[in-house]
Amino acid sequence: MKKKPAPRPSRLVPQQPARKNRLLPQKPQKKTRLFSRGRSQNSYRRNRPKGELRKIWFRRLGYAFGALSLAGLCLGLVLLYHQLLTCNLFCIKDINNIEIEGAKRLSRSLVLEQAKVGPDASLLAIRPGQVERALMTHPWIAKAEVSRKWPQSLHLKIQERDPVALIQFGEELLYMDRQGMIFKPLSPGDPHNFPVITGLTPEQFRHPAGDLPQIMTQTFQLMDVLKKTSPPLNLENISEIHVDLERGFTLYANGVGVGLDLGLQEYPEKLQKFTQLWPVLVQKGLLSKINRINLNYPRRALVTLKGMEANP
């Protein structure tokens, strides 16, 4: 009989260890209440040691003491400043302790009234900038500078406006300075010995400071030439300067009685021409018969007589 083959041993497959679950179980979170019933809100203070509580109280007392000290210091400074304001050490005792420089047209009393300063005023209470602004509100004052001279003096330095002509708008006369600025209407008692400029409009004076229109620049050039001209056409003898943007300037002088047309350029040559013509007209007795003299011609003058024209 054949022997049965022995059964083959079965291969043992090694068992792998069981994988751990990566999702760990979490404990349910307890809901925190905003106000817990079983515990007092300030119970944490009971757990602090007494030494720490003392430090906190000392720190708070230190803050309070510092605040009270600062308030007391401020109050003391205020009281000290008040005492300095009322004491006589820094007060202007006499009106002669107020020095005024640059006042030519304005009186001393008017300047002091405009500045609103006087005797018994404390230098500590005076604000130089405020006094300067008060002075410059006067139409005749262009600039002002105020300085304190300790302990009892005050210095006021002003610069008055320098008018060069009067501008006529309609029936109103206004002062104009060298910068072409109109600053004040003519009032009773004001000086009026200035030439009157006519023919211009208010719009021609609305210009930024330092940027004069061309017609104003030419007007000042003519006035500078008239300062050096001999009578009767010197600037002090000129009563009116009429401006025409197309025909130019026309002069009216005291004692001449007629208009002199000059144009817009070559003023010295034309004025010199009149200087040579003037003695001839006086010698011939034609002054009362002349209506107008036009000097705006090269090397000659056109004299217009009343009712006729002549060309000497």
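**Close-ups of a predicted model**

**View 1. Helix α3 and what covers it.** The cover over the buried residues of α3 includes β1 (98–101), α4 (128–136) and β3 (153–160). This is a predicted model, so read every close-up here with that in mind. α3 itself runs over residues 108–115, and its buried residues are V111, L112, Q114 and A115. Looking down the axis of α3, you find these buried residues within an arc of 160 degrees, so they line one face of the helix. In general, an α-helix has 3.6 residues a turn, so residues three or four places apart point the same way. What sits on the face of α3 turned away from the buried side? That face carries S109 and E113, which are exposed. Just past the end of α3 comes K116, with a positive phi of about 60 degrees.

**View 2. α3 packed against α4.** Here the two helices pack at an angle of about 125 degrees, and their axes are 8 Å apart. Where does that angle leave the pair? It makes α3 oblique to α4. As for handedness, α3 and α4 cross in a right-handed way. On the α3 side, V111, Q114 and A115 make the contact, and on the α4 side V131, A134 and L135 do. V111, Q114 and A115 also belong to the buried residues of α3.

**View 3. A144 in strand β2.** β2 covers residues 141–149, and A144 is part of this strand. Is A144 buried or exposed? With a relative accessible area of 14%, A144 falls under the 20% cut-off, so it counts as buried. Setting aside neighbours within four places in sequence, the contacts of A144 are E132, L135, M136, K157 and I158. P128 makes a handy distance check: P128 and A144 are 16 residues apart in sequence, with 9.9 Å from C-alpha to C-alpha.

**View 4. The largest nonpolar core, and another one apart from it.** The largest core has 39 residues, and those touching the most other members are M176, I197, L222, L226, I241, L251 and I293. Helix α5 (residues 214–227) supplies the largest share of this core, seven residues. Apart from this core lies another, of 24 residues, including A115, W140, L156 and I158. As a rule, nonpolar side chains in soluble globular proteins tend to be buried together.

**View 5. M176 and its surroundings.** M176 is one of the residues that touch the most other members of the largest nonpolar core. Which residues does M176 contact, leaving aside neighbours within four places in sequence? They are D162, P163, V164, A165, I167, M181, I182, F183, I197, F205, M216 and F220.

**View 6. α5 crossing α6.** The axes of α5 and α6 (residues 267–284) come within 10 Å and cross at roughly 45 degrees. That angle makes α5 oblique to α6. The crossing of α5 past α6 is right-handed. Q218, L222, V225 and L226 of α5 make the contact with Y267, P268 and L271 of α6. L222 and L226 turn up in the core list as well, among the residues touching the most other members.

**View 7. Zooming out to the chain.** There are 312 residues in the chain, and buried residues make up 32% of them. The chain has six helices and 13 strands. Among contacts with a separation of 6 or more, 48% come from residues 24 or more positions apart.

Note on methods. Residues are numbered from 1 along each chain as its sequence is written. This is a predicted model: local features need pLDDT of at least 70, side-chain atom pairs count only at pLDDT 80 or more; totals for chains, interfaces and linings use all residues. Side-chain values use heavy atoms; hydrogens and water are left out. Buried means under 20% relative accessible area, exposed over 50%, partly exposed in between (1.4 Å probe, protein chains only). Helices (H or I, at least four residues) and strands (E, at least two) are DSSP runs, numbered from the N terminus. The arc is that of the directions from the helix axis to the C-beta atoms. Contact means heavy atoms within 4.5 Å. A nonpolar core is a set of buried Ala, Val, Leu, Ile, Met, Phe, Trp, Tyr and Cys residues joined through side-chain atoms within 4.5 Å. Axes are lines fitted to C-alpha atoms, for helices over the stretch in contact, and angles run from 0 to 180 degrees between N-to-C directions. Angles under 35 degrees count as roughly parallel, over 145 as roughly antiparallel, 65 to 115 as roughly perpendicular and the rest as oblique. A crossing is left-handed if the near helix is turned anticlockwise from the far one by less than a right angle, and right-handed if clockwise.
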